Amino acid sequence: MGHLKFMIIFTALGLCAFSQNPVYRDTIPVFENGNRLLSPWAGGLNFSSFTAIDFNLDGKKDIVAYDKICGSGGKLRAYVNAGSPGNTRYKHDYAAQARFPAVSDWALFFDYNNDGKEDLFTYNNNGGIRVFKNTSTLVTGLTFSLVSSELRSDYNPNGAPNMANIYCNSIALPGIGDIDGDGDLDILTYSVFGVKMEYHKNMSKELYGTADSLVFDMVDDCWGDVQESNCDVNLNQCPYLRQYQQTVQNDGSKPLHAGSCLMCFDRDGDGDQDLIMGDVSCSNVFYVENGGSNANAHITDTTRLYPNYPNKASTAVIRLNAFPCTYHLDVDGDGKKDLIASPNAVAGSENYESVWYYLNTSATATVNFVLQKKNFLQEDMIELGEGAYPVFFDADADGKKDILVGNLGYYTSGINKSKVAYYRNTGSLSAPSFSLVTRDYQNMSAFNMYGMAPTFGDLDGDGDRDLIIGQANGQLAYFQNTAGAGNAAVFASPVNNYQTIDVGNFAYPQLYDIDKNGTLDLLIGSQNGKIAYWKNTGTPTAPNFVLQTASFGNVDVKSYGFLTGFSTPFAFNAGGVTKLMVGSETGTIFLYDQIDGNLSGSFNRVDTALYKINEGTRCSFHCDDITGDGKPDMILGNYAGGIAFFNSTNVNGVGVEEQELADNIVVFPNPVNDGVLTIARNDHSGEEMVFRLYDMIGKEVYAGSSFNTNIHIDMSSFRKGMYILRLESRDGQNAFTKKVIVQ
């Protein structure tokens with residue numbers, strides 16, 4: 001009876017039954033090694049590109065990373081510059097991410113029209129480049145407009161025009177920079193046959209006298225006179241390469257070159273562009289020295305030991321297991337561009353230390369890159385390598401829910417080592433706070449499982465919760481909790497291939513009493529995007545799982561054109577009605593109902609993008625009330641190895657009673673008459689302040705954050721009426737609301 005009572009209480013909570021869209025929260029503290037993480041819920045990084053853009057329009061360059069995670073085409077992540085020159089500090093900005101256009105495969109930011117605002121260059125899904133112009137203002141905030149769905153170039157600039165697509169495949173990254181030094185942005189990219197680099201000169205200055213257009217001539221079909229082959233660079237190759245390309249073009253044979261990344265920069269300060277190149281099949285980058293000029297490039301030297309060039313500087317050579325690429329941006333705000341290196345792979349490379357930051361320590365126009373850290377940005381977030389499968393579980397039996405997270409693995413010495421991380425809840429029942437205890441909970445990595453997706457439930461009726469782990473091989477492992485009720489969990493050695501259950505590849509289990517008979521059943525997602533239902537035909541103390549269907553409810557979360565779905569089920573009770581949320585490969589959450597009394601039928605698919613949440617591919621999630629407000633909280637993991645936190649909120653601008661602001665914060669003028677609203681802070685603490693405006697129907701109409709003493713909001717475009725201004729400290733410890741009237 002004790003076991004049955006527990007199940008009734010558990011399923012009656014209505015977990016994940018949000019009464020309104022859940023809100024992303026970054027105020028729940030997380031500590032690692034005694035240090036509070038700056039961006040714990042930022043979602044992780046694996047294989048990423050990095051470029052600078054001032055997306056919050058405060059005059060400082062922020063960073064946008066594009067994580068090339070497989071399956072969904074990638075994920076943009078924004079990091080606001082919260083530091084000062086010489087003080088490198090970046091804070092994840094979840095709200096800013098939603099304001100960027102949808103992109104796929106790669107994304108880089110460069111200011112093509114010299115208006116001081118970085119524009120977006122990205123893959124166009126057709127072997128080329130599309131460009132979004134940055135149209136942001138202080139009034140509109142961050143905005144973009146499409147200016148070119150396909151960049152084209154004249155491939156015969158000295159004869160009859162021959163306009164064609166500037167080729168760039170989904171794997172490659174073009175070299176974008178001012179190659180000829182005339183002030184406009186040119187493009188280097190490999191030819192469609194993949195054997196030589198093409199130089200597409202921007203003719204904006206020549207045609208219009210200004211550097212504000214995207215008009216190209218292909219002026220050099222073999223830039224630099226080099227060939228990259230077999231992870232090496234050969235010099236003086238153009239005659240051979242032109243002949244080889246003609247052969248490839250004539251007989252349709254396989255191109256020599258599938259994917260490269262090109263970074264343009266002037267290493268030696270001589271006015272022409274040198275390159276750092278990466279290749280999809282190589283673990284090192286190649287530096288190539290331009291001994292020619294900005295009008296006639298000629299590579300005269302090359303090395304695989306960069307940045308130890310031309311002499312042996314004592315810094316780490318850029319060497320990552322798969323497809324390393326580099327990015328040139330001023331990270332520390334000292335006016336000199338630094339270097340970031342990261343894999344451009346989709347798997348099989350560094351994942352939890354995959355962002356290598358090199359500081360430019362040169363005092364001259366030359367550069368000298370010195371490695372600072374291998375986990376830039378990652379050090380400030382929950383970063384669990386590849387894959388994150390989180391669950392709430394009271395591991396220490398103190399009455400507060402902790403977080404356990406399985407993963408696909410931390411990349412080390414050529415392999416991914418799967419583990420379960422344990423973040424203990426060191427806060428209170430109403431104000432949780434999490435501290436990393438170990439990345440290898442109870443030494444479970446010793447059992448050499450690949451892929452560890454946990455679920456908990458009392459399977460032996462002894463009052464404590466046992467553990468089942470789904471693995472990449474499609475099988476399950478059972479860990480009996482031998483601690484007894486009320487004690488910190490102690491798990492016995494696993495029973496492998498538990499009850500010979502096998503769902504093919506990548507098992508994602510949930511223990512849940514789906515038929516409401518008092519025993520826990522198994523719902524198991526898998527790579528195929530469906531849900532297998534294994535009914536427990538045993539007893540509360542001796543489970544026996546029998547397959548009912550490999551296509552439970554005819555659920556299938558594969559997207560159109562995808563062969564895989566990576567379904568992760570979470571069934572829950574919403575006011576006595578069973579519902580089912582399912583994570584997917586593309587990162588969206590599906591919702592199904594009409595389940596009760598219909599276990600052998602087809603469920604009703606309510607939504608394929610629930611709450612409009614997408615934190616990255618292969619999402620996995622768990623819900624519980626850990627803030628003690630009777631409402632669900634949700635943690636959501638993804639393939640990038642990070643976690644996001646969402647919960648309900650009462651801050652919607654409706655029925656909010658005006659509160660007195662703290663003595664050190666003043667809002668004026670109020671009412672505001674077609675002008676600028678100022679939020680003045682007198683504490684000079686330098687603490688970040690988050691601010692949001694809501695109209696009187698509860699819609700958020702403005703949001704931002706700032707470390708500045710004075711915050712200015714241009715209200716000239718707002719309709720007349722009353723608004724609710726909400727201010728929060730970033731750690732969530734202080735929050736105030738104020739009515740604002742626009743006249």
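The model is predicted, so local features need pLDDT of at least 70 and side-chain atom pairs pLDDT 80 or more, while totals for chains, interfaces and linings use all residues. Residues are numbered from 1 along each chain, and side-chain values use heavy atoms, without hydrogens and water.

Cys16 forms a disulfide (a pair of cysteine sulfur atoms within 2.5 Å) with Cys623, S to S 1.6 Å. Cys16 sits in the loop between helix H1 (2-11) and strand E1 (23-24) and Cys623 in strand E45 (620-624), so the bond ties together parts 607 residues apart in sequence. Helices (H or I, at least four residues) and strands (E, at least two) are DSSP runs, numbered from the N terminus. Cys623 is buried too, with a relative accessible area of 1%.

The count comes to four disulfides. Another of them joins Cys231 to Cys282, S to S 2.1 Å; this link is left-handed, with -100° about the S-S bond. Both Cys231 and Cys282 are buried.

Cys261 is bonded to Cys325, with S to S 2.1 Å. The link of Cys261 and Cys325 is left-handed, at -100° about the S-S bond. This pair connects strand E20 to strand E24, 64 residues apart. Numbered in sequence order, the bonded cysteines pair as 1-8, 2-4, 3-6, 5-7.

Cys264 is in no disulfide, and the nearest cysteine sulfur, that of Cys261, is 11 Å away. Cys264 is buried, at 11% relative accessibility.

How values were computed:
Buried < 20%, exposed > 50% of the residue type's maximum accessible area, 1.4 Å probe, protein only.
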